[in-house]
Amino acid sequence: MKIGITCYPTYGGSGAVATELGIALAARGHSVHFITYEQPFRLPLFVPRITFHEVSLGHYPLFQYPPYDLALAVKMHEVALEQQLDLLHVHYAIPHATSALLAKQMLAEAGQRLPVVTTLHGTDITIVGQDHSYHAITKYSIEKSDAITAVSRFLKEETIRAFGCDNCRVDVIPNFVDPRTFNPGHRDAALRADLAGDRPVMMHISNFRPVKRVRDIVATFARVRERLPAVLVMIGDGPERGAAEEEARRLGVRGDVRFLGRIDAVAPLLSIADVYILTTDRESFGLSALEAQASGVPVVAAGVGGIPEVVEDGVTGALRPVGDVAGFADATLTLLTDRALWERQSAAAVERARRLFDVNDVVSGYEDVYASVI
Ligand code: GMT
């Protein structure tokens, strides 16, 4: 098949999933065309059968808000015509599904069919799409897509609750992980010693947006640190990073918290962690928690949204209510002090990631959806 993929190319789960999916599809012989405003962050420079098409925004002084959605629709139309695409697969409803529908209508005028598959990832449904300014267009774009997928059962239910979604079917296709990249076998003793010496490592990766509640992570770490020498490794960057650094100073643990900034290839780092922590207040899936489990790292997380579908409480980690810093700290301390429990949960985490979220099963699921719309 010839497949166009549009996603947010910047640091984040939906871009990571879309890019890994494109790479896996290309490995199966499909031609994949990424249509985005910059090279997706997880896309290596050259992969056979993958082409990157950049959406460029012309500049004109009249435009206080340059119409990116239109430039994207034009690029989708151009690539679909030139490459004779079989379908467009867009990740994150706004504005990608809307632009895809415009491109589809323009192509229909020229007698070319272009089915649109929309994958819902999270805040396109739970926050942005429910904002009054975007609700009607999000609902329209979902309902007019030829197929809709959501990354968790939670997100499917939330889509139906918030948008009604008349006459449409939402298939749940979870996110996936490639065990060749994320596995416990990569543990790099020198990297671990460099970051933490012989102390246990708590780790978090995100874009530090307010929903992630990164200050709760620092507060949790401070409680752990009272009882145990440990190191917290924070990977990523975003609006709340400054607040997290300030919280670490305020709680007197700044010296034991490593803020590494944005790192694209996180697998080697994940494999040296002892506990992965995610204190978010809403999360449709939690891709980083899955990648941590595949790396053999138990997860301590807030049990919200789709997280319980990814992390099994008491088996591959611990789930606590949002904001329960004392509960997160107790669960972390238990894991860090009970070696037998840690070994059990680490093994169960790897097994769960392989059994439920294997790249091959998930990519086959998307191929079935593509076949159904073509
Ligand atoms: O929806 C977002 O806020 C952005 C998006 C992203 O690009 O990181 O995150 C969502 O999609 C990921 C991939 O499917 C999920 O793992 C995240 O849980 C989800 N984020 C939220 O629901 C907050």
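Modeller: In this predicted model, the largest pocket is lined by 34 residues. Nearest its centre lie G12, G13, S14, N207 and R209. The space in this pocket is about 750 Å³. Two or more lining residues come from each of helix 1, helix 4 (123–126) and helix 11, and helix 1 gives the most, with four residues.

Colleague: How do you know which domains contribute to the lining of the largest pocket?

Modeller: The lining draws at least three residues from domain 1 (2–176 + 359–373) and at least three from domain 2 (184–356). By class, this lining has 12 nonpolar, 15 polar and seven charged residues. Gly counts as polar in this scheme.

Colleague: What makes a space a cavity rather than a pocket, and how many cavities of 30 Å³ or more does the structure hold?

Modeller: In a cavity a 1.4 Å probe fits but cannot get out, whereas a pocket is open. The structure holds one cavity of 30 Å³ or more. The largest cavity has a volume of about 30 Å³ and is lined by V177, P179, F182, A294, V350, A353, R354 and D358. Helix 14 gives the most to this lining, with three residues. Six of the lining residues are nonpolar, none is polar and two are charged.

Colleague: Turning to the aromatic rings, how many pairs does a search of the whole structure find, and why is the pair of Y8 and Y92 called edge-to-face?

Modeller: The search finds five aromatic pairs. For Y8 and Y92 the centres are 5.3 Å apart and the planes stand at 80°. Centres within 6.5 Å make a pair, and planes over 60 degrees apart count as edge-to-face, so the term applies to Y8 and Y92.

Colleague: What makes the pair of Y8 and Y92 a tie between parts that are apart in sequence?

Modeller: Y8 lies in the loop between strand 1 (2–6) and helix 1 (13–27), and Y92 in the loop between strand 4 (87–91) and helix 3 (96–109), so the pair ties together parts 84 residues apart in sequence.

Colleague: Why is Y92 called buried, and what is Y8 called?

Modeller: Buried means under 20% relative accessible area. Y92 has 13%, so it is buried. Y8, at 24%, lies between the 20% and 50% limits and therefore counts as partly exposed.

Colleague: How do you know that the pair of F285 and F357 is edge-to-face?

Modeller: The ring centres of F285 and F357 are 5.7 Å apart and the planes lie at 85°, so the pair is edge-to-face. This pair links distant parts of the chain, 72 residues apart. F285 is in the loop between strand 11 (275–278) and helix 11 (287–294), and F357 in the loop between helix 14 (339–356) and helix 15 (359–373).

Colleague: Are F285 and F357 buried or exposed?

Modeller: F285 has 3% relative accessibility and therefore counts as buried. F357, at 4%, also counts as buried.

Key: Residues are numbered from 1 along each chain as its sequence is written. This is a predicted model: local features need pLDDT of at least 70, side-chain atom pairs count only at pLDDT 80 or more; totals for chains, interfaces and linings use all residues. Side-chain values use heavy atoms; hydrogens and water are left out. Rings of Phe, Tyr and Trp (its six-membered ring) pair if their centres lie within 6.5 Å; planes under 30 degrees apart count as stacked, over 60 as edge-to-face and the rest as tilted. Buried means under 20% relative accessible area, exposed over 50%, partly exposed in between (1.4 Å probe, protein chains only). On a 1 Å grid over the protein atoms alone, a cavity is a set of points where a 1.4 Å probe fits but cannot get out, and a pocket is an open set with protein on both sides within 12 Å along at least five of seven lines; lining residues have an atom within 4 Å of a point. Grid points are joined across faces, edges and corners, and a volume is the space filled by probe spheres set on the points. Domain bounds come from an automatic or database domain assignment.
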